[in-house]
Amino acid sequence: MSKVAVVILNYNGRDHLLRFLPTLIAHSSDAEIIVADNCSTDDSLSVLKQFPTVRTILLDQNHGYAGGYNEALKQVKSAYYLLVNSDVEVTPNWITPLEHFLDENKDYAAVQPKILDFNRKEFFEYAGAAGGFLDLLGYPYCRGRIFDTLEQDTGQYDTSIDIFWASGACFMIRSEVFHQAGGFDADFFAHMEEIDLCWRVKSLGLKIACVPKSVIYHVGGGTLNKTSPRKTYLNFRNGISLLIKNLPLPTLMVALPIRLVLDWMAALLFWKNESFSHFTAVFKAHVDALKVVFRQIKLNIRSGTRLRNQGNVILPIAYYVLRKRNFKKINNTK
């Protein structure tokens, strides 16, 4: 059994496998490398035969990101799971800083590397950048990324720091904690499932960090690009579900109505600037999220103490009204 298992969840990603697996194999010599195939319909399995050192796990259907990893990790034995998207280019020595951090800090459950844009390597990448946070209403943002504004990497975030959530594009987690926290919520299917998991991990009293000594480059949007109404639906549905599942009830009663109003303002902008299909995606997302609101609140109450999301700003106001466009301005840090 390897101490670290690098696990890639693949769905119709044969081009990414051909492009990025050789580098990952070259820079991950001490880890077991596993590709879990989410019932791909392309020739991914034929491509994987070109990499005999890579272990393949075959899943019976497309379980989505969340369910796919849950199913795959039942078959993986290691101290640390290192979950990596198939469209990631790793760099030399990318595993060691993550592994050493968890070895030396037993009160931390998970860590992520610094994530830069594969296509613009001097800029941070949308999905995680240098560590994730949530505002008072549950809007996610990162060191290096506020909404769609990406900062250039000039070394301004090269210190390790406690974060609220680690990016699903690439993060390492203690295997025992992953299972203790219940794994990913398969109902999320994709998008924000890692934030939900990290929220539950932090509610256990454990910490999460970004370790920028480890660097990767992420393509992003490999399965669903930003123009997809399906992606809009998942982001808005899961954003509401995230609050209902995890916020303490008194905080939820205040935050949820405000969040719904702001979401509808965004939906109107989608209709104006994108298409009516994105507007209807937000409507359907809210309907589906609110269908289970009372069941989720009951589960929330039964599960005991929930951790507030610790944000001290309302991101849309800071970004659109106060024109604060980077992490340091949002958090009033130097």
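A polar contact is a pair of N or O atoms within 3.5 Å; within protein, one atom must be able to donate a hydrogen and the other to accept it, and residues adjacent in sequence count only if both atoms are side-chain atoms. The model toured here is predicted: local features need pLDDT of at least 70, side-chain atom pairs count only at pLDDT 80 or more, and totals for chains, interfaces and linings use all residues. Residues are numbered from 1 along each chain as its sequence is written, and side-chain values use heavy atoms, with hydrogens and water left out.

**Stop 1: Arg143**

Select Arg143, in the loop between strand E8 (140-142) and strand E9 (145-146). Helices (H or I, at least four residues) and strands (E, at least two) are DSSP runs, numbered from the N terminus. Is Arg143 buried or exposed? Arg143 has a relative accessible area of 3% and is therefore buried; the term buried means under 20% relative accessible area, exposed means over 50%, and partly exposed lies in between (1.4 Å probe, protein chains only).

Next, display the polar atoms of the Arg143 side chain. One of them lies 3.0 Å from the backbone oxygen of Thr159, and the backbone oxygen of Tyr157 is 3.4 Å from a polar atom of this side chain. Although buried, Arg143 has no salt bridge; Asp158, the nearest side chain of opposite charge, is 7.2 Å away. A salt bridge is a side-chain nitrogen of Lys or Arg within 4 Å of a carboxyl oxygen of Asp or Glu.

Leaving aside neighbours within four places in sequence, its contacts (heavy atoms within 4.5 Å) include Phe124, Phe133, Ile161, Cys210, Pro212 and Phe327.

**Stop 2: Ser167**

Move to Ser167, in the loop between E11 and strand E12 (170-174). Ser167 is buried, at a relative accessible area of 1%. Which backbone oxygen lies 2.5 Å from a polar atom of the Ser167 side chain? That oxygen belongs to Ala127. Not counting residues up to four places away in sequence, Ser167 touches Gln112, Ile115, Ala127, Gly128 and Glu194.

**Stop 3: Asp153 and Lys114**

Side chains of opposite charge can pair when their charged atoms come close. By the rule above, the count comes to 16 salt bridges. One joins the side chains of Asp153 and Lys114 (3.0 Å, N to O). Asp153 lies in the loop between strand E10 (149-150) and strand E11 (161-162), and Lys114 in strand E6 (residues 108-117), so the pair ties together parts that are 39 residues apart in sequence. Asp153 counts as buried at 19% relative accessibility, and Lys114 is buried at 6%.

**Stop 4: helix H6**

Select helix H6, residues 193-203, where 10 of the 11 residues are buried. Among the buried residues are Glu194, Trp199 and Lys202. Colour Asp196 and Arg200, whose side chains meet in a salt bridge (2.8 Å, N to O). Why are these two residues separated by about one helical turn? Asp196 and Arg200 are 4 residues apart in helix H6, which means a separation of about one helical turn. Asp196 has a relative accessible area of 0%, and Arg200 counts as buried at 10%. Just after H6, Gly205 takes a positive phi of about 90°.

**Stop 5: helix H8**

Finish on helix H8 (residues 249-273), which contains Val254. Val254 counts as exposed because its relative accessibility is 55%. Together with Leu249, Met253 and Ile258, Val254 forms a nonpolar patch on the surface, with about 360 Å² of accessible area. Patches are made of residues with over 30% relative accessible area and no salt bridge, like charges being joined within 9 Å and nonpolar side chains (Val, Leu, Ile, Met, Phe, Trp, Tyr) within 5 Å. Accessible areas come from the Shrake-Rupley method with a 1.4 Å probe; for residues, only the protein chains shown count as cover.

Then select Arg259 and Asp263, whose side chains meet in a salt bridge (3.2 Å, N to O). They are 4 residues apart in helix H8, and so about one helical turn separates them. Arg259 is buried at 3% relative accessible area, and Asp263 is buried at 1%.

Key
Lys, Arg positive; Asp, Glu negative; His and termini not counted.
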